Amino acid sequence: LQGFWMDIGQPKDFLTGMCMYLHSVRQKNPEWLHSGPEFVGNVLVHPSTKVGKNCSIGPNVTIGADVVVEDGVRIKRCTVMKGSHICSHSWLESCIIGWRSSIGQWVRMENVTVLGEDVLVNDELYLNGANVLPHKTISESVPEPRIIMCGTGRLE
């Protein structure tokens, strides 16, 4: 944004900055934003992204290139980076999804959950404020905010 500076070094600040950027796009270049029955509010989607049926995406969502969003997914206030895959009926709010990550079916992620590059989240899990480093597999729910640095994300 011309004439605007913001420290976005923390994930919550990155998401706030993204929301402000999307608001600016709405004011200056609304044709860049996606519209249609699946999209609510300010949503920026790369043309190569595939979105399934009965999804609800937005407000304040950016989705990168080559992303697949399967049927029935709900995404709001999130960034989904290039090459990621979100399986059917998952629910994401206030998340940053790293490059080439995969989220299973019926997963719920919220509270500034951040996935690094190439993270796999198995089906039917809940992630609440999890920060997952790259190349991990999450096989158990994370009910309280925490950092997952090694292993497979199993709680011990």
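Start with Thr113. Thr113 touches Ser94, Cys95, Ile96, Leu127, Asn128, Gly129 and Ala130, leaving out residues up to four places away in sequence. Contact here means heavy atoms within 4.5 Å. This is a predicted model: local features need pLDDT of at least 70, side-chain atom pairs count only at pLDDT 80 or more, and totals for chains, interfaces and linings use all residues. Residues are numbered from 1 along each chain as its sequence is written, and side-chain values use heavy atoms, with hydrogens and water left out.

Where does Thr113 sit? In strand β13, residues 113-115. Strands are DSSP runs of E, at least two residues, numbered from the N terminus. Is Thr113 buried or exposed? Buried, at 0% relative accessibility. The cut-offs are under 20% relative accessible area for buried, over 50% for exposed and partly exposed in between, with a 1.4 Å probe and protein chains only.

Now its side chain. It reaches the backbone oxygen of Glu110 at 2.7 Å. A polar side-chain atom of Thr113 also lies 3.3 Å from the backbone oxygen of Leu127.

Next, the sheet. 6 strands form an open, parallel sheet, in the order β2-β5-β8-β11-β14-β17. Its edge strands are β2 (50-51) and β17 (137-138), each pairing on one side only. Pairing requires at least two DSSP bridges between two strands. β11 (residues 102-103) and β14 (residues 120-121) pair in the parallel sense over 2 bridges. There, Ser102 has Leu120 of β14 as its bridge partner.

Last, Met149. Met149 is in the segment after β18 (146-148). Met149 is exposed, at 55% relative accessible area.

Notes. Helices (H or I, at least four residues) and strands (E, at least two) are DSSP runs, numbered from the N terminus. A polar contact is a pair of N or O atoms within 3.5 Å; within protein, one must be able to donate a hydrogen and the other to accept it, and residues adjacent in sequence count only if both atoms are side-chain atoms.
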